[in-house]
Amino acid sequence: MEENSKRNEGKPTDEDLIERFQQGELAAYEEIVRRYKDQLLNFVFRFLNNHEEAEDVVQETFLRVYRNRFAYTRIAKFSTWIYTIAGNLARTELRRRKRRRFFSLTDMGLEDRDYEISDEVFNPETQANSTLGEELIQREISKLSPKFREVIILRDVQELSYEEISKIIRVPIGTVKSRVNRARLRLQKRLKKILDQRK
């Protein structure tokens, strides 16, 4: 926290910006977008594992901030508020995706069943050529269940505090810590297995 306030010396805080935007200063909104667009895109992409959908969710997040700017009160940190909006929209997109998959499978006629359903997550060629790096870790994160994926992204990728995560996903801090630990253990186990297979 101290580091953040030192870093922001001379610059308006996020809370100052949203307050100025609430008073009609459009430049303050543009500054919020500039500050958050990359980190939100990073967060949502890791959640959805699809760049196009992530961009749509981030755009919708900023649109909601614009439309609902008066709903924000200075009681909470602005970052918690905007991450909550983005996280909720990402979860909604995941639910939509599951419904789309369900309907596309159940709507198939017998003659359609010979079509191969592509797996967007697994690509043997990429896997064969890739090293244990960002791509592999991202893929393994995307295989975690949504509740584990969300906390690991917020904690280990976005580097938010347990307290902030607790507010964003609305569960007690103890539950957040437990989920982070369990998610890390699952990731370590999967990555170790992949490394062992490559030896």
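Which residue follows H3 with a positive phi? Asn49 does, with phi near 60 degrees.

This is a predicted model, where local features need pLDDT of at least 70, side-chain atom pairs count only at pLDDT 80 or more, and totals for chains, interfaces and linings use all residues. Residues are numbered from 1 along each chain as its sequence is written, and side-chain values use heavy atoms, leaving out hydrogens and water.

**View 1. The bend in helix H3.** Helix H3 spans residues 26-48 and bends by about 45 degrees at Tyr36. Helices are DSSP runs (H or I, at least four residues), numbered from the N terminus. The bend is the angle between axes fitted to the seven residues ending at a residue and the seven starting there. Tyr36 is also one of the buried residues of H3. Others include Ala28, Ile32, Arg35, Phe43 and Leu48. Buried means under 20% relative accessible area (1.4 Å probe, protein chains only).

**View 2. Helix H9 and its end.** H9 covers residues 162-169. Six of its eight residues are buried: Tyr162, Glu164, Ile165, Ser166, Ile168 and Ile169. Arg170 follows H9, and its phi is positive, near 60 degrees.

**View 3. H9 against H10.** H9 packs on H10 (residues 173-198) at an angle of about 100 degrees, with axes 9 Å apart. Axes are lines fitted to C-alpha atoms over the stretch in contact, and angles run from 0 to 180 degrees between N-to-C directions. The two helices are therefore roughly perpendicular (65 to 115 degrees).

**View 4. Residues of the H9–H10 contact.** Tyr162, Glu163, Ile165, Ser166 and Ile169 of H9 meet Ile173, Val176, Lys177, Arg179, Val180 and Arg184 of H10. Contact means heavy atoms within 4.5 Å.

Methods. Buried < 20%, exposed > 50% of the residue type's maximum accessible area, 1.4 Å probe, protein only. Parallel < 35°, antiparallel > 145°, perpendicular 65-115°, else oblique.
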